[in-house]
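Please consider the sequence and the structure shown below. The account that follows is intended to be read beside them.

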Amino acid sequence: MAINARAKGARGERELAKYLTGLGFDCERSARNGVKGATDVIWKRCPTVIIECKMCDTYRPGRKELDKVIERLRGESDDWMLFVKESRQPWKMYFETFYDGLLVMIWGDDRIKHVLTRWEVKIF
């Protein structure tokens, strides 16, 4: 049975908003999906940060799909995050470092919480 891609994306966005809220960040799913510069999840304390959510079987740097998403995000904002949830894996977060533009991937609740806390400090 094929899974509707739109329903899968919406489910992922709800799961990500719940996950980030559970880490202590006030987040909710955005209703503006598909709009250029729109975010999948709104981080209420940092609403200008674009948060993109992808759920998939495998999604790694160097793969065409991931590279396309990252290039689009780079063109839309300096402040963006890409969260990826692979089948039966923890959430992974991709972002570019604040100073040298290096693409970084992290996973694990403590690491993600640490980076988001630093991001709040950077924004404010």
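The model is a predicted one. The chain has 124 residues, of which 40% count as buried. When contacts between residues at least 6 apart in sequence are considered, 48% of them join residues at least 24 apart.

Four strands form an open sheet in the order β3-β4-β5-β6, and their pairing is mixed. The edge positions are taken by β3 (50-56) and β6 (103-107); each has a single partner strand, so one side of each is left without a neighbour in the sheet. On average, and with direction ignored, neighbouring strands of this sheet are turned by 20 degrees against each other. Strands β5 and β6 run antiparallel and are joined by five bridges. Across from Met105 in β6 stands Tyr94.

Helix α2, comprising residues 64-76, lies across β3, β4, β5 and β6 and runs at about 160 degrees to β4.

The interior can be considered next. In soluble globular proteins, nonpolar side chains tend to be buried together. In this model, the largest nonpolar core has 24 residues, and the members with the most contacts inside it are Leu20, Trp43 and Met93. At least two residues of this core are supplied by each of α1, β2, β3, β4, β5 and α3. What does Leu20 contact once its neighbours within four places in sequence are left aside? The residues in contact with Leu20 are then Phe25, Cys27, Val41, Ile51, Phe83 and Leu116.

The structure holds three aromatic pairs. One of them joins Phe25 and Trp43 edge-to-face, with 5.7 Å centre to centre and 85 degrees between the planes. This pair links distant parts of the chain: Phe25 belongs to the loop between α1 (5-22) and β1 (27-29), while Trp43 belongs to strand β2 (residues 41-43), 18 residues apart. Why do Phe25 and Trp43 both count as buried? Residues under 20% relative accessible area are classed as buried. Phe25 is therefore buried, because its relative accessible area is 4%, and Trp43 is likewise buried, because its value is 1%.

Another edge-to-face pair is formed by Phe95 and Trp119, whose rings are 5.9 Å apart centre to centre, with 75 degrees between the planes. Because Phe95 lies in strand β5 (residues 92-96) and Trp119 in helix α3 (residues 109-123), the pair ties together parts that are 24 residues apart in sequence. Phe95 is buried, with a relative accessible area of 7%, and Trp119 is buried, with a relative accessible area of 1%.

A further contact involves a charged side chain and an aromatic ring. Arg111 lies over the face of Trp107, at 5.8 Å from the ring centre.

Notes: Residues are numbered from 1 along each chain as its sequence is written. This is a predicted model: local features need pLDDT of at least 70, side-chain atom pairs count only at pLDDT 80 or more; totals for chains, interfaces and linings use all residues. Side-chain values use heavy atoms; hydrogens and water are left out. Rings of Phe, Tyr and Trp (its six-membered ring) pair if their centres lie within 6.5 Å; planes under 30 degrees apart count as stacked, over 60 as edge-to-face and the rest as tilted. Buried means under 20% relative accessible area, exposed over 50%, partly exposed in between (1.4 Å probe, protein chains only). A charge sits over a ring if NZ of Lys or CZ of Arg is within 6 Å of the ring centre and within 35 degrees of the ring normal. Two strands pair if DSSP finds at least two bridges between them. Axes are lines fitted to C-alpha atoms, for helices over the stretch in contact, and angles run from 0 to 180 degrees between N-to-C directions. Contact means heavy atoms within 4.5 Å. A nonpolar core is a set of buried Ala, Val, Leu, Ile, Met, Phe, Trp, Tyr and Cys residues joined through side-chain atoms within 4.5 Å.
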